[in-house]
Amino acid sequence: MTDHSPPPEYAQAAVSLRGLSKFYSGKPAANNVWLDVPAGSYYGLVGPNGAGKTTTLSMATGLLRPDSGTAHVLGHDVWADPVGAKRRLGILPDGVRLFERLTGAQLITYAGLLRGMPPDVVDARCTDLLRALGLKEAAGKLVADYSAGMTKKVALASALVHAPRVLVLDEPFEAVDPVSAKNIRQILDGFVGSGGTVILSSHVMDLVERTCDHVAIVIDGTIQAAGTVDDVRAGGTLEDRFVAMAGGRSDNGEGLQWLRTSSD
Ligand SMILES: Nc1ncnc2c1ncn2[C@@H]1O[C@H](COP(=O)(O)OP(=O)(O)OP(=O)(O)O)[C@@H](O)[C@H]1O
């Protein structure tokens with residue numbers, strides 16, 4: 001029988017990435033990524049467009065098979081023991097593709113039943129989640145008719161219904177209004193407060209700085225800095241550190257003079 005017990009070196013980490021790489025047409029989208037996300041942390045993953053955040057998170061959660069390297073979730077190898085890893089994971093993937101011909105309530109119910117949960121527990125949690133995320137009125141509406149923010153929220157509810165211990169969220173606040181964002185932050189705060197781990201990617205440095213206790217900066221498919229937010233920002237702001245590392249462009253829109261001169 002295969003032994004799926006966690007190797008001791010991964011026991012303390014919620015997520016451990018070891019040498020994860022993915023190449024497209026010979027170019028690295030993620031290049032030898034090593035990262036330990038401590039259990040109970042609120043971990044931000046930041047980086048410029050195309051840096052490899054989605055690729056890394058997809059490999060870490062079993063959505064994309066790496067060319068090399070391993071990913072463990074609470075000690076369970078995502079590829080060798082997918083059931084063990086995925087039981088503990090809630091995922092909000094990039095560019096969420098959902099069964100849009102279901103209503104919001106049906107989608108959350110489907111996610112719960114797929115996890116093998118008893119129907120009465122699914123029902124109760126579905127009601128709680130719809131209320132907590134402000135979707136109660138839209139429960140009977142087709143997801144196809146949801147706005148982008150509502151879609152994000154129903155996808156988050158579907159990721160939460162089985163009470164995972166690790167949440168991996170790709171751009172959870174994108175397209176979400178400020179009231180809903182605050183609402184989601186409170187839910188995530190409570191989740192981390194009870195010992196859960198949140199990993200989120202975001203382009204909003206201010207949000208990461210205010211919300212997360214740890215952060216990793218990804219540039220060109222590699223982790224350039226990782227640790228507590230205070231360590232990584234090193235006395236400045238996270239945005240300054242990010243821009244310095246990403247090599248901030250200062251061409252001031254040169255080459256777009258035509259945009260500034262009107263012929264009328
Ligand atoms: N399926 C694919 N086929 C080919 N190239 C890909 C594929 N997926 C990603 N890439 C490339 O890999 C690199 C990393 O992409 P990725 O989506 O991981 O970046 P990201 O940091 O999430 O970007 P963003 O912040 O814009 O969402 C990019 O250069 C992208 O073009």
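Author: What follows goes from the whole chain to the sheet, the ligand and a few single residues. Keep in mind that this is a predicted model.

Reader: How many helices and strands does the protein chain have?

Author: The protein chain has 10 helices and 10 strands. Its radius of gyration is 20 Å, close to the 18 Å that the globule rule gives for 264 residues, so the chain is as compact as a globular protein of that length. Along its principal axes the C-alpha trace spans about 60 × 55 × 40 Å.

Reader: What share of the 264 residues is buried?

Author: Buried residues account for 41% of them. As for contacts between residues at least 6 apart in sequence, 67% join residues at least 24 apart.

Reader: How do I read a sheet?

Author: Strands of a sheet pair through backbone hydrogen bonds, and the pairing is either parallel or antiparallel. Here, an open sheet of 6 strands runs in the order E6-E7-E8-E3-E9-E10, with mixed pairing. The edges are strand E6 (89-92) and strand E10 (222-228); each has a single partner strand, so one side of each is left without a neighbour in the sheet. From one strand to the next, the twist averages 15°.

Reader: In which sense do E7 and E8 pair, and over how many bridges?

Author: Strand E7 (residues 166-170) and strand E8 (residues 197-201) pair in the parallel sense over 5 bridges. Leu-167 has Val-198 in E8 as its bridge partner, and Val-168 has Ile-199 in E8. E6 and E7 also pair in the parallel sense, over 4 bridges. Gly-90 has Leu-167 in E7 as its bridge partner.

Reader: Which residues of E7 lie on each side of the strand?

Author: Val-166, Val-168 and Asp-170 are on one side, Leu-167 and Leu-169 on the other, and all are buried. With 5 of its 5 residues buried, E7 is largely enclosed by the rest of the structure.

Reader: Which strands does H1 touch where it packs on the sheet?

Author: An α-helix has 3.6 residues a turn, so residues three or four places apart point the same way. In this structure H1 is mostly covered, with 8 of its 8 residues buried. The buried residues include Leu-57, Met-59 and Ala-60. H1 packs on the sheet, touching strand E3 (42-46), E7, E8 and strand E9 (214-219), and its direction makes about 150° with that of E7. Helix H9 (residues 238-246) packs on the sheet as well, touching E3, E9 and E10; the direction of H9 makes about 20° with that of E9.

Reader: Which residues surround the ligand?

Author: They are Tyr-24, Ala-29, Gly-47, Asn-49, Gly-50, Ala-51, Gly-52, Lys-53, Thr-54 and Thr-55. Helix H1 (residues 53-60) gives the most to this shell, with 3 residues. Sorted by class, the shell has 3 nonpolar, 6 polar and 1 charged residues. Lys-53, Thr-54 and Thr-55 are also among the buried residues of H1.

Reader: What should I look for in backbone angles?

Author: Most residues other than glycine have a negative phi. Glu-171 has a positive phi of about 50° although it is not a glycine. It sits in the loop between E7 and helix H6 (178-193). Ala-234, also not a glycine, has a positive phi of about 45°, and lies in the loop between helix H8 (229-233) and H9. A glycine case is Gly-62, which follows H1 and has a positive phi near 85°.

Reader: Which residues is Leu-130 in contact with, leaving aside its neighbours within four places in sequence?

Author: They are Gly-104, Ala-105, Leu-135, Lys-136, Ala-139 and Ala-157. Leu-130 lies in helix H4 (residues 119-132) and counts as buried, with 20 C-beta neighbours inside 10 Å. Leu-130 and Ala-105 are 25 residues apart along the chain, and their C-alpha atoms are separated by 7.6 Å.

Notes: Residues numbered from 1 in each chain as written. Predicted model: local features only at pLDDT ≥ 70, side-chain atom pairs only at ≥ 80, totals over all residues. Near = placed C-beta within 6 Å. Helix = DSSP H or I, 4+ residues; strand = E, 2+ residues; numbered from the N terminus. Nonpolar A, V, L, I, M, F, W, Y, C, P; charged D, E, K, R; others polar. Rg over C-alpha atoms; globule rule 2.2 N^0.38 Å. Buried ≥ 20, exposed ≤ 12 C-beta atoms within 10 Å, placed from the backbone. Contact = placed C-beta atoms within 7 Å. Pairing = 2+ DSSP bridges. Axes fitted to C-alpha atoms, helices over the stretch in contact; angles between N-to-C directions.
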